[in-house]
Amino acid sequence: MRDGDREAYGALVERHLDRALALSRRLLHHRQDAEDLAQDAFLAALQHLDAFDGARPFWPWLSRIIVNRGLDLAAARAVRVTESLPDEARDPGQGPAEAAERAEILARFRHELALLPPRRKLIVQLFELDGYSVAEIAELLESSRATVRWHLHAGRHQLRRALAQFRGDVP
Amino acid sequence: MMRRDVTPDPELGAVLRRFDAPDPTADEQRRALKRRIEAAAAPLLAERRNGAWWEFAAVWARTLVPIGLATAVAAAAFIAWTARAGAGRGALTPVPAQDSLVGSVRRDPTSQHLLDAVVAPVLPHRN
């Protein structure tokens, strides 16, 4: 690919596009913005290919580009949050009271989730939803494992508290 | 407490997943994005195939820079040597007679006449 092989580049894009899109969307919460970020990251990777150590895997390098740019974008402007509550969350089998309580819990949880700092929220989501390990997140964010663990603990504590309030676990 | 947090929390994960809408990027959108990325990358790839001007410069620099430096050193040495050789002959130093035009003409009558003819004032020509 360093020689400008289009097929090799196409294969590289094909191999990493889904993960790149998922990570971009995790950062920006908007499909179009996520696609723009993924495209931008693939081009940046090509532009700076000479700085890449070919003996190492490509994905960690690409994902760091995505995360750095995505966090900058998220911080620079108000991120358009267009994710809607999936229909699955509204269970038609529930009674009105149950449904109302459930909706309230989810609204509260969603509020707490929105309050998390972007970096902390990303760490929690990568760990809980995408199956990244603490070590992988630390590498992705160019941070120490202890820092990642701390953010993970603090973020999860905040979210658990939001859930527990409605179960009566927390006064 | 921190140690407990290094394994995923199934309950928290389940609730988080509710807010994690499925990826709405359809196959067609994905293909369009891939085409867009490849189209945007085409000029950069072409540049890599053809080689940028600075890559040629970098290759030739390995040869030309040492040659240029060697030439510059040789030229400097030559200039220094010629300057030292002519150091005793400044602009105000009288030119020895044997080095002048007068000195170059041999002192015999013929040469003296030639010299007189060269240095004599020019008189208006009369018909």
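Colleague: Where does H151(A) lie, and why is H151(A) called buried?
Modeller: In this predicted model, H151(A) lies in helix α7 of chain A. Buried means under 20% relative accessible area. H151(A) has a relative accessible area of 17%, so H151(A) is buried.

Colleague: Which residues does H151(A) touch, not counting residues up to four places away in sequence?
Modeller: H151(A) touches R120(A) and I123(A). Contact means heavy atoms within 4.5 Å.

Colleague: What makes the phi of H29(A) worth a remark?
Modeller: Most residues other than glycine have a negative phi. The phi of H29(A) is near 60°, a positive value, and H29(A) is not a glycine. H29(A) is found in the loop between α1 and α2 of chain A.

Colleague: Which other residue has a positive phi although it is not a glycine?
Modeller: E142(A), with a phi of about 50°. E142(A) lies in the loop between α6 (134–140) and α7 of chain A.

Colleague: How do you know whether H29(A) and E142(A) are buried or exposed?
Modeller: The cut-offs are under 20% for buried and over 50% for exposed. H29(A) has a relative accessible area of 10%, so H29(A) is buried. E142(A) has a relative accessible area of 55%, so E142(A) is exposed.

Colleague: Now the salt bridges. Why do the side chains of E35(A) and R31(A) count as a salt bridge?
Modeller: The rule asks for a side-chain nitrogen of Lys or Arg within 4 Å of a carboxyl oxygen of Asp or Glu. The closest N and O atoms of E35(A) and R31(A) are 2.8 Å apart, so the pair meets the rule. Both residues lie in helix α2 of chain A, four residues apart, about one turn of the helix. An α-helix has 3.6 residues a turn, so residues three or four places apart point the same way.

Colleague: What is the accessibility class of E35(A), and what is that of R31(A)?
Modeller: E35(A) has a relative accessible area of 3%, so E35(A) is buried. R31(A) has a relative accessible area of 25%, so R31(A) is partly exposed.

Conventions
Residues are numbered from 1 along each chain as its sequence is written. Chains are lettered from A and ligands numbered from 1 in the order in which they are written. This is a predicted model: local features need pLDDT of at least 70, side-chain atom pairs count only at pLDDT 80 or more; totals for chains, interfaces and linings use all residues. Side-chain values use heavy atoms; hydrogens and water are left out. Helices (H or I, at least four residues) and strands (E, at least two) are DSSP runs, numbered from the N terminus. Buried means under 20% relative accessible area, exposed over 50%, partly exposed in between (1.4 Å probe, protein chains only).
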